[in-house]
Every structure is written in C-alpha cells, then in structure tokens.
Amino acid sequence: MLSIFLWMNNVLTAIRRRAALLLVALLCWGVLPAVAAQQPPQEQPKKFDEYVPASQLPPTEQIPAVRLVVGAYSFVIVVVFLYMVSVARRLNTVQHEVARLEADVKRTGRS
Amino acid sequence: MPKWFQPAAIVCALMFAATPIVIANAPFQSTMGLVFKIFFYHMPSAWMFLLGGIVCGIASLRYLINGAARHDRTAFAAAELTVLFGLLTLVTGPLWARKTWGTWWVWDVRVTASLVSWMIAVAYLILRRYGGPGSEKLAAGLALFGMANVPFIYISVNYWRTIHPATSVVPTLPVSMGGPLWFCVASFLMLFILLFTMRVRLEEQRARLDAVYLSLDE
Amino acid sequence: MWLILRKDLTVEVRSGEVAYTTLFFAVSCVLIFAFALVRDGRAPEDGAAGLLWIAIAFAGTLALGRTFERERQSETLRALLMAPTARPAVYLGKLLGIVALLAGVEVILVPLVALLFNANALLEHPAWLAAILIAGTVGFASVGTLFAAMLIRARSRDVLLPVLLYPVIVPVMIAAVRGTAVLLQPEVDTQVAWFWLALLATFDVVFVTLALWTFEPVMTD
C-alpha cells in the first residue's frame with residue numbers, strides 16, 4: 001500500500017500545480033466576482049425577517065447562477081482533494097519513520 | 001490499508017466523476033433553476049457532516065467509558081471529517097442561498113446550529129493539536145458536551161425565523177430528482193468511508209510510531 | 001464539598017485577588033462597550049441585555065482561568081483529588097465558588113449597565129432578573145468549571161479555555177440575552193420569559209449532571 005501513496009506523490013508533484021491552479025481559477029471565476037459584484041442593498045428592510053426573493057431584486061444585485069454553481073462544485077472538489085493529499089502525505093511520513101526506526105531497532109537489536 | 005481500499009477508491013472516483021452528468025440530467029427545478037444543482041452536493045455534505053459528528057460523539061463516549069485507544073483514534077478521525085464536511089456544507093449553503101434567498105447568510109435554526117456545531121468540532125481539533133499530552137480525554141469530554149448540546153442549540157435558536165427548506169423537501173422531490181440525489185449521497189458516503197479509513201490508519205501508524213520510540217528508550 | 005467552598009472563600013476573602021480583578025475587568029468591559037456604542041448620548045436599543053451578558057462571559061472566563069491557575073500553582077488540585085472526598089464534590093465546590101464570585105460581580109454590573117445604557121427597565125423586575133441571572137450564570141459556570149479543571153495540565157490553557165467554552169455555551173448566551181431583553185420591553189411578556197428561564201434551567205440540570213459524570217474519567221490520567 002506504500003506504493004499507492006508513492007505513486008500519488010509522484011503524480012501529484014507532476015500535475016499538481018497545474019491541476020490545482022486550474023481548479024482555483026475556476027473557483028475564483030465562480031465566486032470572487034460574485035462577491036465583488038454585490039452591492040449593499042439600498043432599500044432593503046433592515047431585519048432579515050422580510051427577505052426579498054432574488055428574482056425581484058434590481059438587476060445590479062443579481063449574480064449569474066452559473067458562477068455560483070461552478071464555484072460551489074469546484075470548491076468541494078478542491079477541498080476534498082487537498083484533504084486527501086494532506087492525509088496521504090502525513091501517512092507517508094509516518095510510515096517512512098516507522099520503517100526507518102524498525103530497521104534501526106533490528107540492526108541494533110542484532111548487534 | 002485493507003484489501004478493499006484500492007478498488008473502492010477507484011469506484012468512488014468514478015462515481016464522483018459521474019456526478020456532474022447525473023446531476024445535469026436531473027430535471028430542472030422550476031422555482032430555483034440552475035442554482036438548485038448545488039443542492040446535490042450541499043445536502044450529502046450536510047449529511048456526512050452530521051454522520052461525522054455522531055461518530056465522533058459516540059466514539060468519545062466509549063473512550064471515556066473504557067479508555068480503549070482505538071475509540072480515541074476513531075473520534076479524532078471522525079472529528080476531522082466533521083470539520084471537512086462541515087466546511088463544505090457551510091460554503092455551498094451560502095452560495096446556494098445567495099441566489100434563492102437573496103442573501104449570503106441568515107440566522108435561521110439549521111444554519112446557525114450547524115455553524116455552532118462546526119465550531120465545536122474545530123475547537124476539538126485545536127485542543128488535540130495544541131493541548132499537549134493528555135488532551136485525548138479532554139477532547140472526548142468536549143465532544144460529548146458538544147453532542148449533548150445540539151438539542152439546546154436547536155431550541156434556543158428556534159425563535160429566529162426559519163427560512164431554511166423544511167426537512168420534507170426530500171420526499172416531495174419528483175422521483176426523477178431523487179435518483180441523482182441518492183447517487184450523490186452514495187458517492188459522498190463512500191468518500192466518507194474512504195477518508196475515514198485513511199485517517200484512522202494514520203492514527204494507528206502514529207500510535208505504532210510512539211510504541212517504537214518507547215521501545216527504543218528501553 | 002462545603003469544606004472546599006469554605007476553603008475557596010477564605011482564600012478569596014483574604015487575598016481578594018480574583019474577585020477584585022474580575023470585577024474591575026467586568027466594569028472596564030462595560031465602559032469600553034459604552035464608549036464604542038453610545039452615540040450622541042443614546043445607547044443602541046436592546047443593547048443592554050447583550051452587553052451585560054458579554055461582560056459576564058468575559059469576566060467569567062477570566063475568573064475561571066485565575067481560580068484554576070492558583071490551584072495549579074499550589075498543586076492543591078492533586079491533593080484534593082487524592083483526598084477522601086468524592087470527586088464530584090470537588091467539582092461542585094468549585095462550581096459554587098465561581099457562581100458566588102460571578103453573582104457578586106453581577107450585583108455591581110447590572111446597575112452599571114442600566115445606568116450607562118439607559119436600561120432602567122432592567123431594575124423593575126428584580127425577581128425575574130435574579131432568576132435569569134442565576135440560571136444563566138450556573139449554566140455558564142457548569143461548563144466553564146469542568147473545562148477549566150480539564151485544562152489545568154494542558155498547554156496553551158489560557159487561550160484554549162475560551163476556544164472550547166464559547167461554542168458550547170452558545171445556547172446559554174442566547175437564552176440569557178433573550179430572557180433579559182424580554183425584561184427590557186415596556187410590557188414584559190411573562191410567557192416568553194418563562195420559556196427562556198425554563199430552557200436555562202434545563203440546560204443547567206443537564207450539564208451539571210453531565211459534568212459531574214464526566215469529571216471523574218476526565219480527571220484521572
């Protein structure tokens with residue numbers, strides 16, 4: 001099973017940067033303009049009790065749904081991917097360490 | 001890693017790759033339109049977030065009762081997954097809400113309760129990371145309190161107006177939309193199990209490392 | 001348990017360290033809120049309830065930290081745990097000590113908040129107010145005492161206590177603030193007040209019980 005993680009690491013180093021950059025770019029395209037385009041609502045009632053459905057908002061307030069959807073999906077995939085990488089890497093380190101130490105113990109144990 | 005891990009990982013990856021296709025083929029939801037597609041990722045994430053929280057709570061309880069280390073490992077792994085899926089839920093939610101409710105955040109019951117529960121899970125991780133030796137039991141106590149707190153959080157926040165869709169949304173969805181949803185749920189569940197296995201394995205290896213260090217000292 | 005309470009009280013009365021510093025801190029908190037939020041001589045409406053409880057929460061965290069710091073330094077906690085008293089009694093003793101301290105602070109704080117934030121209505125229903133204050137303080141202290149005791153031997157304990165404590169006592173804060181805010185209305189809605197009070201009381205019972213049960217396994221290491 002060590003092999004799968006070594007493989008993952010190599011593949012990662014090779015295409016990781018490009019893939020991650022692409023996904024982050026997608027994410028930025030999806031969400032950041034949406035955040036930037038949001039203007040403070042002018043005559044919105046103060047409390048959240050009476051919300052205005054998005055379709056009735058002035059056109060300046062609306063954000064294309066596509067950006068939100070793409071942003072959401074890419075976020076999920078990026079985060080899950082990063083977490084997987086993190087766990088794999090930590091596991092790798094620990095397993096190397098264990099193997100190294102056990103080899104040491106065997107050597108010193110024998111001599 | 002157990003034998004089933006590699007094939008399961010491949011299946012899971014394939015399922016996730018298929019989700020956009022499955023979701024795109026789901027019928028268009030009339031009132032919310034395209035942005036409803038976020039729901040297919042948001043809802044399974046929320047369920048996995050809850051699942052992680054429950055697993056962590058139960059494992060912590062068992063750890064406090066009998067002190068077996070494997071319960072602690074389970075609790076730690078589950079807590080990390082809770083934070084992960086909670087993050088996914090809390091980000092996809094507002095992205096969906098911005099379009100449907102016109103606002104990024106609302107203080108309604110489920111949203112606020114999720115936020116607070118997520119913060120308790122994050123506090124668990126902070127405690128494990130920075131609490132120093134002996135923080136396993138403390139974290140277990142925290143997880144237990146967190147779990148016991150959930151009904152109180154719900155009741156206390158309940159006085160705020162609720163505009164989150166009621167739980168009955170799932171049964172009332174047309175059957176053709178139920179299919180993609182359950183497919184996504186299955187993918188997420190598989191992802192959860194895979195990540196959980198990996199994470200527990202990490203904890204086991206760490207424990208083994210500690211044991212080797214200890215034996216070296218002797 | 002009474003012995004512990006008496007011991008804490010005697011130490012406190014003699015040195016007064018924790019009590020005075022906590023009280024001063026709470027008062028400074030309220031003053032800072034006043035400077036930050038009062039504009040043109042007018043305070044934000046409904047602000048008084050929330051600010052009162054924020055000040056109590058902050059002061060309480062400080063008090064918890066200081067009380068257990070003292071225990072840690074003189075290693076008395078270990079001695080207490082080894083003593084033949086039942087473990088839960090140690091917890092209860094500490095809890096009552098903290099509640100008493102915070103009650104003292106609140107006695108000063110409530111009139112101060114009422115004065116600074118034009119919330120004289122706070123003082124009109126002393127029975128209700130006292131009930132909510134006690135229930136809320138016990139809720140806060142029940143979880144706080146347990147966590148503070150747990151963290152004595154942990155690293156970074158000073159910053160970890162609020163990190164762990166605040167998310168867990170969110171329901172207490174919500175209920176306490178809402179309950180106090182109800183008292184500020186010109187016409188007090190007793191039903192709503194009862195609801196919040198009942199919720200606080202339930203929380204107190206559940207969490208004190210849970211803490212009593214958890215104290216034993218968590219402190220054995």
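**Where chain B meets chain C**

Author: The contact takes 27 residues from chain B and 25 residues from chain C. Please keep in mind as we go that this is a predicted model. On the side of chain B that touches chain C, the elements giving two or more residues are α4 (109–130) and α5 (135–157) of chain B. Of these, α5(B) supplies the largest share, 15 residues. Sorted by class, that side of chain B has 18 nonpolar, eight polar and one charged residues.

Helix α2 (residues 39–66) of chain B and helix α3 (residues 69–100) of chain B cross at roughly 155 degrees, and their axes come within 7 Å. An angle over 145 degrees counts as roughly antiparallel, and α2(B) and α3(B) are therefore roughly antiparallel to each other. Their crossing is left-handed. By class, the contact of α2(B) with α3(B) has 16 nonpolar, twelve polar and two charged residues.

Now for the partner, chain C. Chain C has nine helices and zero strands, and 44% of its 221 residues are buried. Among the contacts in chain C between residues at least 6 apart in sequence, 82% join residues at least 24 apart.

Helix α6 (residues 126–150) of chain C packs with helix α7 (residues 157–168) of chain C at an angle of about 150 degrees, the axes lying 10 Å apart. So α6(C) and α7(C) are also roughly antiparallel to each other, but here the crossing is right-handed. From α6(C), the residues C:Val143, C:Gly144, C:Phe147 and C:Ala148 meet C:Leu161, C:Leu164, C:Leu165 and C:Val168 in α7(C). By class, this contact has seven nonpolar, one polar and no charged residues.

C:Val143 leads us on to the core. The largest nonpolar core has 135 residues, and those touching the most other members are C:Leu52, C:Val113, C:Val143 and C:Leu200. Take C:Leu200 as a last stop: leaving aside residues up to four places away in sequence, C:Leu200 touches C:Ile132, C:Ala135, C:Gly136 and C:Gly139, together with C:Val172, C:Ala175, C:Ala176 and C:Gly179.

Key: Residues numbered from 1 in each chain as written. Chains lettered and ligands numbered in written order. Predicted model: local features only at pLDDT ≥ 70, side-chain atom pairs only at ≥ 80, totals over all residues. Axes fitted to C-alpha atoms, helices over the stretch in contact; angles between N-to-C directions. Helix = DSSP H or I, 4+ residues; strand = E, 2+ residues; numbered from the N terminus. Parallel < 35°, antiparallel > 145°, perpendicular 65-115°, else oblique. Left-handed = near helix turned anticlockwise from the far one by under 90°. Contact = placed C-beta atoms within 7 Å. Nonpolar A, V, L, I, M, F, W, Y, C, P; charged D, E, K, R; others polar. Core = buried A, V, L, I, M, F, W, Y, C linked by C-beta atoms within 7 Å. Buried ≥ 20, exposed ≤ 12 C-beta atoms within 10 Å, placed from the backbone.
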